[in-house]
Amino acid sequence: MTDRRPDRLTVTLTKAGRTKIRYPAELVADSGTRITVRAPWAAPGVRDFGFVRFEPGDVFTEHFWRDRWYAVKEVRTGEGVLKGWYCDVTRPASVADGAIVVEDLDLDLWVSADGTSVLRLDEDEFAGSGLAATDPEAAAQAVRALDTLEAQARSAAGLAALLT
């Protein structure tokens, strides 16, 4: 059987109906449920969050699920040193015609490489987005996804258990 999946895909992250970022990525694996890609840091310049810096040369191995409300991104320096995991709460990924499209729902989670720092991010943005009023089911799914990711991150197995 011949594998006809493309080696390269385009990842598009949308937010509130607009494209937030679009970038090329290399296909690593596709199980039919989870698709994994690898891409260099796609934004211009350095983004310093205080707890981590994303910068040119960083490599993201990104895991998207077609049936889960999140994406997990393993972040490494260009030399391969693990920085940690950045998790986006999103609607399930849509994958078709060489493209992955996910809708960002504002909530995020950061987990440091050693697992000692687990930070819930952007809860104020989520509250201000109005999603709870416009799409209460999606808002509930988003909160459950963040809670699930945090619980997994704090477990003995950590986030790595989601990625095996």
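Strands β9 and β10 form a hairpin with 2 residues between them, and D97 in the turn has a positive phi of about 50 degrees. Helices (H or I, at least four residues) and strands (E, at least two) are DSSP runs, numbered from the N terminus. The model is predicted: local features need pLDDT of at least 70, side-chain atom pairs count only at pLDDT 80 or more, and totals for chains, interfaces and linings use all residues. Residues are numbered from 1 along each chain as its sequence is written, and side-chain values use heavy atoms, with hydrogens and water left out.

**Overall architecture**

- The chain has 3 helices and 11 strands, arranged along the sequence as β-β-β-β-β-β-β-β-β-β-β-α-α-α.
- The radius of gyration is 15 Å, close to the 15 Å that the globule rule gives for 164 residues, so the chain is as compact as a globular protein of that length. The radius is taken over C-alpha atoms, and the rule is 2.2 Å times the number of residues to the power 0.38.
- Along the principal axes, the C-alpha atoms of the chain fill a box of roughly 45 × 35 × 35 Å.
- Of the contacts in the chain with a separation of 6 or more, 43% are between residues 24 or more positions apart; contact means heavy atoms within 4.5 Å.

**Surface and charge**

- Buried residues make up 41% of the 164 residues. Buried means under 20% relative accessible area, exposed over 50%, and partly exposed in between (1.4 Å probe, protein chains only).
- The chain exposes about 8600 Å², of which carbon and sulfur atoms supply 51%. These areas come from the Shrake-Rupley method with a 1.4 Å probe.
- There are 20 positive and 26 negative side chains, and the centres of the two sets lie 3 Å apart. Lys and Arg count as positive and Asp and Glu as negative, while His and the chain ends are not counted. Each charge is placed at NZ of Lys, CZ of Arg, CG of Asp or CD of Glu.

**Strand β10 and its partners**

- Strand β10 (residues 99–112) is mostly covered, with 11 of its 14 residues buried.
- Two strands pair if DSSP finds at least two bridges between them. Strand β1 (residues 8–15) pairs with β10 in the parallel sense over 5 bridges, and T12 has V101 as its bridge partner in β10.
- Strand β9 (residues 94–96) is antiparallel to β10 over 3 bridges, and S94 stands opposite V101.
- Strand β11 (residues 118–121) is also antiparallel to β10, over 4 bridges, with R120 as the bridge partner of L109. The hairpin of β10 and β11 has 5 residues between the strands, and G115 takes a positive phi near 75 degrees.

- In strand β6 (residues 59–65), 6 of the 7 residues are buried.
- Strand β3 (residues 34–40) pairs with β6 in the antiparallel sense over 7 bridges, among them the one between P40 and V59.
- Strand β7 (residues 70–76) runs antiparallel to β6, joined by 6 bridges; H63 has V72 as its bridge partner. The two strands form a hairpin with 4 residues between them.
- T61 lies in β6 and counts as buried because its relative accessibility is 11%.
- Leaving aside neighbours within four places in sequence, T61 is in contact with T36, V37, R38, V72, K73 and E74. The C-alpha atoms of T61 and K73 are separated by 5.6 Å, although the two are 12 residues apart along the chain.
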